[in-house]
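Colleague: Could you walk me through this one?

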Amino acid sequence: MSARLEVGSTVEDFALPDEAGTVRRLSELLADGPVVLFFYPAALTAGCTAEACHFRDLAAEFAAVGARPVGISGDTVERQQEFSGQHSLGMTLLSDTDGTVRDLFGVRRGFSIAPTRRVTFVIAQDRTVLEVVRSELRMNTHADRALAALRKD
């Protein structure tokens with residue numbers, strides 16, 4: 001397990017399947033602008049749904065600053081597809097079933113029922129971390145603080 005990524009860290013490139021099963025690389029996602037990578041414990045649970053829907057509801061604001069939210073959890077491609085469809089999320093959801101990327105970002109939780117911590121990383125096009133939002137209970141704070149950081153730059 002690597003150390004936690006903090007503001008100023010450089011993120012390693014990685015590739016994971018999205019909700020449609022297409023393998024996506026971070027470097028490709030960053031081609032059009034910053035990425036707001038939000039890790040969540042489990043698709044289709046109350047907290048994660050509230051968090052993802054808040055990102056969805058702020059889609060125009062993210063687009064206005066040239067950024068795109070990308071969700072990531074240990075859920076399967078099929079579960080991510082169900083999550084996206086059920087809530088019309090309209091954003092990329094990555095499936096990190098073996099936890100490789102979770103470990104890369106240092107967001108593994110000690111127990112296995114929800115092995116991923118709820119942490120959001122705002123990543124610049126050069127793969128530098130601009131902001132890290134850590135909150136397990138305040139779902140809206142992730143998108144709100146990510147937007148604030150992007151508007152600062």
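Modeller: What follows goes through the aromatic rings, then a strand and a helix contact. This is a predicted model, in which local features need pLDDT of at least 70 and side-chain atom pairs count only at pLDDT 80 or more, while totals for chains, interfaces and linings use all residues. Residues are numbered from 1 along each chain as its sequence is written, and side-chain values use heavy atoms, with hydrogens and water left out.

Colleague: How many aromatic pairs does the structure hold?

Modeller: There are eight aromatic pairs, where rings of Phe, Tyr and Trp (its six-membered ring) pair if their centres lie within 6.5 Å, and planes under 30 degrees apart count as stacked, over 60 as edge-to-face and the rest as tilted. One of them is the stacked pair of Phe38 and Phe55, at 4.1 Å centre to centre with 10° between the planes.

Colleague: Which parts does the pair of Phe38 and Phe55 tie together?

Modeller: Phe38 lies in strand 3 (residues 35-39) and Phe55 in helix 2 (residues 46-57), so the pair ties together parts that are 17 residues apart in sequence. Helices (H or I, at least four residues) and strands (E, at least two) are DSSP runs, numbered from the N terminus.

Colleague: Are Phe38 and Phe55 buried or exposed?

Modeller: Both Phe38 and Phe55 are buried, a word that means under 20% relative accessible area, with exposed over 50% and partly exposed in between (1.4 Å probe, protein chains only).

Colleague: And what about the rings of Tyr40 and Phe83?

Modeller: Their pair is tilted, because the ring centres of Tyr40 and Phe83 are 5.6 Å apart and the planes are at 55°. Phe38, Tyr40, Phe55, Phe62 and Phe83 form one aromatic cluster.

Colleague: Switching topic, which strands pair with strand 3?

Modeller: Strand 3 pairs with strand 4 (residues 68-73) in the parallel sense over five bridges, and with strand 6 (residues 119-123) in the antiparallel sense, also over five bridges; two strands pair if DSSP finds at least two bridges between them. Phe38 stands opposite Gly71 in strand 4 and opposite Thr120 in strand 6.

Colleague: How many residues of strand 3 are buried?

Modeller: Five of its five residues are buried, with Val35, Leu37 and Phe39 on one side and Val36 and Phe38 on the other.

Colleague: Last one: which residues of helix 2 meet helix 6?

Modeller: Ala50, Glu51, His54 and Phe55 in helix 2 meet Asn140, His142, Ala143 and Asp144 in helix 6, where contact means heavy atoms within 4.5 Å.
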